[in-house]
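Here is a short report on one protein chain. Keep the sequence and the 3D view open as you read.

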Amino acid sequence: MLNIAVLVSGGGTNLQAIIDAINLGKITGARITLVISNKPDAYALERAAKNDISACCINPKDYTNREEYDTAMIKALSKAGAELVVLAGFLVVLSSRFVKAYEGKIINIHPSLIPSFCGDGYYGLKVHEKVLERGVKVTGATVHFVDDGTDTGPIIMQKAVDVKQDDTPQILQKRVMEQAEWKILPAAIHAIVNGEIYLENGRVIYQNKR
Ligand code: GRF
């Protein structure tokens, strides 16, 4: 049974999608052993509590420097035996020390089709505002391995979603979550946990040769 840690900052709908997928058997061979939020009031912590999943808040503001924050995070993850770290709406930019400690074992869900609408400053609703501003007709979500950059790691899965005429950022965000994020994040986790997808020399290898 592979231990997953999920890092969150907000509502936790992607965390919920992972919890539901495990309960429904869409993710096999894994359990969530820890949820960490950087925000004490994140509803994602409620979701963890309701599902009897250990959760804690590790807030960068409580540490005098980045080094100490990283040490606290790495300590908590290693205590939980985390073998895969999932960033699900997590808004803290990870340091290279943290990424190195879990090299090749951190994945992230981003609410656009990378390399469009990603990188510094592109998160949450802002992504969908920019999508509508640019007038693209298709957007979606991406699951990728995390490297030293922002949204620059090797892409694992993507799913496209139509942009509709009267979309507002909120309507579009909801559609991208429902039709893309909540599907590809659990699917990517299941594939990684079951060895169908893995990282080799910086490239994503698909066992079933998709
Ligand atoms: C979602 O748009 C997700 O793509 C982004 O953070 C937002 C909040 O996600 N990474 P959640 O509801 O907290 O999972």
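Predicted model: local features only at pLDDT ≥ 70, side-chain atom pairs only at ≥ 80, totals over all residues.

Residues are numbered from 1 along each chain as its sequence is written, and side-chain values use heavy atoms, without hydrogens and water.

**Overall build**

The protein has 6 helices and 9 strands. Helices (H or I, at least four residues) and strands (E, at least two) are DSSP runs, numbered from the N terminus. The radius of gyration is 16 Å, close to the 17 Å that the globule rule gives for 210 residues, so the protein is as compact as a globular protein of that length. That radius is taken over C-alpha atoms, and the rule is 2.2 Å times the number of residues to the power 0.38. Along the principal axes, the C-alpha atoms fill a box of roughly 50 × 40 × 35 Å.

**The sheet**

An open sheet is formed by 7 strands in the order E3-E2-E1-E4-E5-E6-E7, with mixed pairing. Two strands pair if DSSP finds at least two bridges between them. Strand E3 (55-57) and strand E7 (155-162) are the edges, each pairing on one side only. From one strand to the next, the twist averages 20 degrees. Angles run from 0 to 180 degrees between N-to-C directions, and axes are lines fitted to C-alpha atoms, for helices over the stretch in contact.

H1 lies across E1, E2, E4 and E5, and runs at about 160 degrees to E2. Contact means heavy atoms within 4.5 Å.

| Pair | Bridges | Opposite residues |
|---|---|---|
| E6 and E7 | 7 bridges | Glycine 140 and alanine 160 |

E8 and E9 form a hairpin with 2 residues between them. In its turn, asparagine 201 has a positive phi of about 50 degrees.

**The largest pocket**

How much space lies in the largest pocket? About 780 Å³. Its lining has 42 residues; the closest to the centre are Gly89, Phe90, Leu91, Asn108 and Tyr123. A pocket is an open set of points on a 1 Å grid over the protein atoms alone, where a 1.4 Å probe fits, with protein on both sides within 12 Å along at least five of seven lines; lining residues have an atom within 4 Å of a point. Volume is the space filled by probe spheres set on the points, which are joined across faces, edges and corners.

H1, E5, H5, E6 and H6 each supply at least two lining residues.

**Backbone details**

The peptide bond from isoleucine 114 to proline 115 is cis, with omega near 15 degrees. Proline 115 lies in the loop between E5 and H5. Aspartate 151, in the loop between E6 and E7, has a positive phi of about 65 degrees although it is not a glycine.
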